[in-house]
Amino acid sequence: MTVATTVQCPQCGGAVDVSDELMVAEIVICQHCSSELEVVTTDPVVLALAPEVEEDWGE
Amino acid sequence: MTVATTVQCPQCGGAVDVSDELMVAEIVICQHCSSELEVVTTDPVVLALAPEVEEDWGE
Amino acid sequence: MKVSVVGAAGYTGGELLRLVHAHPELDLVQAVSRRHAGRPVAEVHPNLHHLGLTFHPPQELAPVDTAFLALPSGASAELEAGVAELAGTIVDLSPDFRAGASSASGDVYRTGLPELYADELPGAERISVPGCMATAAILALAPLSKAGLVAGDVVVDARTGSSGSGAEPGPSSHHAERGNAFRVYKPAGHRHEKEIAAHAKVRARMTVTAVPSVRGAQVVCHVTPPEPVERRDVLRVLQREYRDRPFVRVVARSRGVHRLPDPQFLSGTNFVDVGCAVDEDGGRIVVVAALDNLVKGAAGGGVQSLNVARGLPEDAGLEFPGLHPA
Amino acid sequence: MKVSVVGAAGYTGGELLRLVHAHPELDLVQAVSRRHAGRPVAEVHPNLHHLGLTFHPPQELAPVDTAFLALPSGASAELEAGVAELAGTIVDLSPDFRAGASSASGDVYRTGLPELYADELPGAERISVPGCMATAAILALAPLSKAGLVAGDVVVDARTGSSGSGAEPGPSSHHAERGNAFRVYKPAGHRHEKEIAAHAKVRARMTVTAVPSVRGAQVVCHVTPPEPVERRDVLRVLQREYRDRPFVRVVARSRGVHRLPDPQFLSGTNFVDVGCAVDEDGGRIVVVAALDNLVKGAAGGGVQSLNVARGLPEDAGLEFPGLHPA
Amino acid sequence: MKVSVVGAAGYTGGELLRLVHAHPELDLVQAVSRRHAGRPVAEVHPNLHHLGLTFHPPQELAPVDTAFLALPSGASAELEAGVAELAGTIVDLSPDFRAGASSASGDVYRTGLPELYADELPGAERISVPGCMATAAILALAPLSKAGLVAGDVVVDARTGSSGSGAEPGPSSHHAERGNAFRVYKPAGHRHEKEIAAHAKVRARMTVTAVPSVRGAQVVCHVTPPEPVERRDVLRVLQREYRDRPFVRVVARSRGVHRLPDPQFLSGTNFVDVGCAVDEDGGRIVVVAALDNLVKGAAGGGVQSLNVARGLPEDAGLEFPGLHPA
Amino acid sequence: MKVSVVGAAGYTGGELLRLVHAHPELDLVQAVSRRHAGRPVAEVHPNLHHLGLTFHPPQELAPVDTAFLALPSGASAELEAGVAELAGTIVDLSPDFRAGASSASGDVYRTGLPELYADELPGAERISVPGCMATAAILALAPLSKAGLVAGDVVVDARTGSSGSGAEPGPSSHHAERGNAFRVYKPAGHRHEKEIAAHAKVRARMTVTAVPSVRGAQVVCHVTPPEPVERRDVLRVLQREYRDRPFVRVVARSRGVHRLPDPQFLSGTNFVDVGCAVDEDGGRIVVVAALDNLVKGAAGGGVQSLNVARGLPEDAGLEFPGLHPA
Ligand SMILES: NC(=O)c1ccc[n+]([C@@H]2O[C@H](COP(=O)([O-])OP(=O)(O)OC[C@H]3O[C@@H](n4cnc5c(N)ncnc54)[C@H](OP(=O)(O)O)[C@@H]3O)[C@@H](O)[C@H]2O)c1
Ligand SMILES: NC(=O)c1ccc[n+]([C@@H]2O[C@H](COP(=O)([O-])OP(=O)(O)OC[C@H]3O[C@@H](n4cnc5c(N)ncnc54)[C@H](OP(=O)(O)O)[C@@H]3O)[C@@H](O)[C@H]2O)c1
Ligand SMILES: NC(=O)c1ccc[n+]([C@@H]2O[C@H](COP(=O)([O-])OP(=O)(O)OC[C@H]3O[C@@H](n4cnc5c(N)ncnc54)[C@H](OP(=O)(O)O)[C@@H]3O)[C@@H](O)[C@H]2O)c1
Ligand SMILES: NC(=O)c1ccc[n+]([C@@H]2O[C@H](COP(=O)([O-])OP(=O)(O)OC[C@H]3O[C@@H](n4cnc5c(N)ncnc54)[C@H](OP(=O)(O)O)[C@@H]3O)[C@@H](O)[C@H]2O)c1
Ligand SMILES: [Zn+2]
Ligand SMILES: [Zn+2]
């Protein structure tokens, strides 16, 4: 894996490793909070929370 | 059992059945909260909370 | 009185079969299931082996005095009108008719909680039973609320066993995931908060944890009183409120291993046990309530409400006292 | 009929209190305990909170029709003569009078197992209930033995919950040791082997494992038949034997999740479920039996036997069918 | 050594990820999953949160030295040829290649059980790990069989936790059904009987019960010796056999609470504990064995076998000793 | 470094033996026990069977670099001076030296919580580890408190497994009472409230429930923020605080079955998992933390602190990541 940068997850502030081959509109997943993050720009890398489908994880 | 009266537990307000042969200083136990109650007077029946030894019921 | 149970292959449905059988005035006409129609009830509910019952398909629903609906949310709303054509009385366990909603036939559903609504139930032909954790929290909090002991929001920490989500398997109910879980699956925003507000008149901030048990719900309610209180003040409020209620036991012992309400002793019973403690400075009341989600929190609450509605002894069919050890 | 329970603070004693309360013909006179005399029964048995009972000291034992002894081995033997002066009938749950021993008063104790000894119980004034795992194994094996299906020794693999050893804490019952244990604590030489031999007429080679449950005993009996058999042959033997016995259910389903006897569905009930399977070559019969050690294996077996002895309906007070889910 | 795990979202797959991470010589290249490709491994295996791994889709399988297959029966057989093009060595946990079957590439699969086949494993490029209960029974019985202590058939009473059937939910693994179950789901005819016969050279008559635990398998083997034996004779046979095997512990204490093998102490470890008892007349040997089905019974057995195959220390990556209390 | 464990037959003592064995720089000199002196350690801790250890009596305590005290409250205070003559460094797990108390030798005990006191530990020769539930609550609340997110009192709902009260049996730890218990044994006034106040600078109103697990502590903290917040604000505070702490994992997933900290995945590990949620109106923060009471809450916290004190890698000997499924 070609890990170039670490950016902050906009949801939880956790460190998200991003490759330098990243493309706009690609989806990256935060390891810390499982948020799906959309690449808004690549230089610098800016991530935004992708719209999330609320799962039924009930009891 | 010769149950004559019902008085209120001074601790929890629950109904305590007392016999009419009750004597002063006798100990009655509340069924609701397990409090030990001392008979202060018998006519009318007045109960007071007996001093309690704190048990170790810990974890 | 002739009754049928729709959704009889589910968990609350199975409890209804058990309670109806134990009831001196109720006679089971049909145990209704789509998927198990024609199969022995014991294949699904092994405890009822000796009764020799068979499931009936929904299409063959026969006329009865009372139909119990033990269906998932949505299904009750969908089937209710059809059932109403065959049954004079409907007792629904789902959330579908809880907020005083109306039947397809126009009647308003009464709340199946005799501890609070004993006056409104006699004669009722549409009864909707509140949610299980809601029932526990409401019965813990309503007396305090009425007595003016609640200032501000209440924190409700609820714990639920796996039967609370019904008989349908899924990833989160898989034994290897769930067997030892303390899964805080609903840390905020549980829909029972609204039911609690409606009936107990308090704002509840709820957190629900799925815990390693099959049956049982327990709520620990943290209440801030308007001014410092003592434990006995709170106990008296509870005692006074529930003195004549057959199914609420005030449990707050000062001796023994088991002092506050514990759901382990309530499996199969219609009791809700309520007890309390108070911080040394009088600044927080902790009210603990426990019940069996499938009985007092569902099927038993339904039978109890029907008893009150029809003028039967309130505890008919509901005498089982629970077990110790459990 | 007036009854008292001696050893009422123990586990089988607590079950007796519950069953006596549910019984239409029995009235509790005293719940007897040394250590808890004068204290509320609910401190020990929280399930009975609503009954408002209090323990009595042994010295104050009052005259009754029947005394139940729920005492450890040795204590029954010691106290029996004294109790006999106050009670016409004694039902003992301990091992002390099991092998047809005599009462201090000279009467022979009858075996409290109506499934095998229904004829000997009517009129009995001294009743001794067999051991819990023994009861399961005897009811599993006696019909096969009678039918000539047992050649040679039988391997009995028994599993027991923690209530089986009573209410007294100790290192091996400490939750952190026992909670997840599969502790083969008696791999060989269990004393129930003798009871099984006496009543089922087979030599049992037993192995007992303490398993993670509170209630329940299950035996898996591995029987070598004299010649190859089929499952249905064995099932027929069981069905024929137990057709008219209210508390033995033959459970051997070919569909559903739960096919053979499982103690989880028997908690609180007086049932013993019995079922079987056979190896493909017909060379081994596997008989499975399950029961609640505190009920059918002790207190319930005692009440059932008393019912038979006094001409009451055999199932009086014993109607609870158990729960699903459990 | 570069390795990948195919089926990494399953239970044995998750254990492989854990063991590979702890292994000084193995480097994980890919954790492969169809359904979770692209998602964090921690969503499925929360214990591995800190590793920051992500699942890869099967189509992107990269070349490695060794591929572990942790796939259901059938899937291994289907995918093996494709995997073999990218991986020099394959370690398969499924039943697909167990009976000395051949790889698509022609190589014969060696049995991944170093305790019996240490000589055949060095250099092996195709390794198939035996079943979990089979492993326990084989290691319990093979030494006795070799020593001539087994006459006739052996009764194998096996107990299994819920992880034994993998991560896929279903009606019988639903927590409310399984949480307190003693479900004798395979009273006769289990396919592990054949594996036991092949490796331990005894005919096993097996009965399997699903018990209330997540991990762990325990077998209680009832052996009839050709002539009466004493416990110490049997213990010596076991001790001699396993003296130099790092993962077999002979456990048969005469003091303490825990005397015979109990799976509760083996969770997460690669140990198999073996112990025994003998009937007083010497007429039956009871051998008890326990292991963690996901480790010694699957993933750990695979890693151990790979260690032996590649000349690494046999216990590399497998040092975790288990917990007490558990 | 030579170490001994005093109180080695207890639960935290047993964990110390396990962790010391796994540690590359620590060598066990003695496992000390009064009652088991001269007996094999495996009789008490079966997981350590293969290590072949024997308990030593306290009178024979040998000189070491570091002594771990795993003794009940009171016993540490009593024995400390004697131990100090033989050991340069003392790590105490009991409450006896927690509030910055002084050793008999005059040194002040440092708090064994590297997440908060990393700067004060290097070189320390007296280390006192905080309580297990306190550790969880402190690590959950300290960052919020520092960040100004806590207004008013905090409700701390704590759940504890049975190992939390040690290896000594008693009525409340008896399996038949405890196996299915949700026993609110300390509704108010727990002594950990003071520790939380001291280290996290918040007033905690705590309620503790004994739950059906052996290991594990979980706290659910209900925090009122001074003004409405969003979940991500809180998550960032936690992430920032713990970014470089090897044993605190921020766990708050938005997908998957297991989203918030659950002790089931932490058995045997030194992790504390921390996560959070926020009410829709931003009016309440729910912080959940979980750990293994015997490891991060006691023995592991002690080893971690010793690592920091002696300049060893902070995670030496503490690498076990925990299991899934658990
Ligand atoms: N479980 C609890 O603790 C609890 C407590 C209080 C209230 N409740 C409420 O009680 C109701 C029943 O809960 P439960 O736990 O018993 O559920 P359950 O175990 O899942 O059973 C529901 C039954 O309804 C039938 N069913 C499902 N979908 C249906 C549909 N679309 N149309 C007709 N029948 C359908 C199913 O049987 P067939 O497929 O065999 O027809 C199923 O067995 C729910 O509304 C629940 O919210 C449950
Ligand atoms: N547990 C089972 O599953 C089971 C099944 C079948 C048969 N049994 C048999 O039933 C009997 C009772 O078993 P259990 O499990 O209920 O026992 P338990 O829970 O230990 O209770 C026995 C009770 O007897 C009283 N007691 C103890 N020693 C005594 C003595 N020397 N003299 C007078 N009273 C004494 C104790 O109460 P106080 O100290 O309060 O007086 C105690 O609560 C035993 O003989 C047992 O073998 C038990
Ligand atoms: N569980 C035990 O105790 C145990 C013990 C010994 C041996 N085994 C054997 O080990 C193997 C794995 O068992 P397990 O318990 O780990 O199973 P599991 O938990 O069900 O996991 C199997 C994994 O394989 C993947 N998979 C399923 N079907 C597939 C297919 N057709 N093609 C490709 N991938 C597929 C699935 O992942 P995705 O959908 O994410 O790809 C799934 O996560 C089985 O053969 C079992 O017999 C298990
Ligand atoms: N358990 C937890 O989760 C936990 C968590 C955090 C902190 N702690 C603290 O850690 C300490 C140990 O707890 P634990 O749970 O390991 O206790 P434990 O299991 O009861 O073990 C304590 C050991 O200390 C020895 N001991 C007892 N009394 C003694 C005395 N008067 N003098 C000398 N030795 C004595 C005993 O061994 P012998 O009789 O064999 O000598 C016993 O095995 C306690 O202070 C506890 O508060 C415990
Ligand atoms: Zn994130
Ligand atoms: Zn009172």
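How many residue pairs are in polar contact between chain D and chain E? In this predicted model, in which local features need pLDDT of at least 70, side-chain atom pairs count only at pLDDT 80 or more, and totals for chains, interfaces and linings use all residues, the count between chain D and chain E is 32 residue pairs in polar contact, both residues being at pLDDT 80 or more. Residues are numbered from 1 along each chain as its sequence is written, chains are lettered from A and ligands numbered from 1 in the order in which they are written, and side-chain values use heavy atoms, with hydrogens and water left out. A polar contact is a pair of N or O atoms within 3.5 Å; within protein, one must be able to donate a hydrogen and the other to accept it, and residues adjacent in sequence count only if both atoms are side-chain atoms.

The side of chain D that touches chain E draws two or more residues from each of strand 8 (154–160), helix 5 (175–178), strand 9 (183–186), strand 10 (204–210), strand 11 (217–223), strand 13 (272–278) and strand 14 (285–291) of chain D. Helices (H or I, at least four residues) and strands (E, at least two) are DSSP runs, numbered from the N terminus. Strand 10 of chain D gives the largest share of this side, four residues. By class, the side of chain D that touches chain E comprises 22 nonpolar, twelve polar and eleven charged residues; Ala, Val, Leu, Ile, Met, Phe, Trp, Tyr, Cys and Pro count as nonpolar, Asp, Glu, Lys and Arg as charged, and the others, Gly among them, as polar. In total, 45 residues of chain D are in contact with 45 residues of chain E, contact meaning heavy atoms within 4.5 Å. The size of an interface is often given as the accessible area lost when the parts come together. Chain D and chain E bury about 3,600 Å² between them, 53% of it on carbon and sulfur atoms, where buried area is the accessible area (1.4 Å probe) that two parts lose on being put together, summed over both. Eight salt bridges are counted between chain D and chain E, a salt bridge being a side-chain nitrogen of Lys or Arg within 4 Å of a carboxyl oxygen of Asp or Glu. One salt bridge joins the side chains of D:Asp279 and E:Arg205 (2.5 Å, N to O).

For chain F and chain C, 45 residues of chain F are in contact with 45 residues of chain C, and about 3,600 Å² is buried between the two chains, 53% of it on carbon and sulfur atoms. Eight salt bridges are found across this interface; the side chains of C:Arg159 and F:Asp157 meet in a salt bridge at 2.7 Å, N to O. The interface of chain F and chain C also holds 32 residue pairs in polar contact, both residues at pLDDT 80 or more. The side of chain F that touches chain C has 22 nonpolar, twelve polar and eleven charged residues. Other chain pairs are without contact: chain A and chain D have their closest C-alpha atoms 16 Å apart, and the nearest C-alpha atoms of chain B and chain E also lie 16 Å apart.

Ligand 2 is surrounded by 28 residues, of which D:Thr12, D:Ser33, D:Arg35, D:Leu71 and D:Asn293 are the closest; a residue is near a molecule if one of its heavy atoms lies within 4 Å of it. A polar backbone atom of D:Leu71 is 2.5 Å from an oxygen atom of ligand 2, and a backbone N or O atom of D:Gly10 lies 3.1 Å from an oxygen atom of the ligand. For D:Gly164, a backbone N or O atom lies 3.4 Å from a nitrogen atom of ligand 2. Ligand 2 exposes 880 Å² when taken alone, and the protein buries 86% of that; accessible areas come from the Shrake-Rupley method with a 1.4 Å probe, and for residues only the protein chains shown count as cover. Helix 1 (11–22), helix 2 (75–84) and helix 8 (295–309) of chain D each give two or more residues to the shell around ligand 2.

Around ligand 4, the nearest of 28 residues are F:Ser33, F:Arg34, F:Arg35, F:Leu71 and F:Asn293. Oxygen atoms of ligand 4 lie 2.5 Å from a polar side-chain atom of F:Ser33 and 2.8 Å from a polar side-chain atom of F:Thr12. The shell around ligand 4 has 13 nonpolar, twelve polar and three charged residues.
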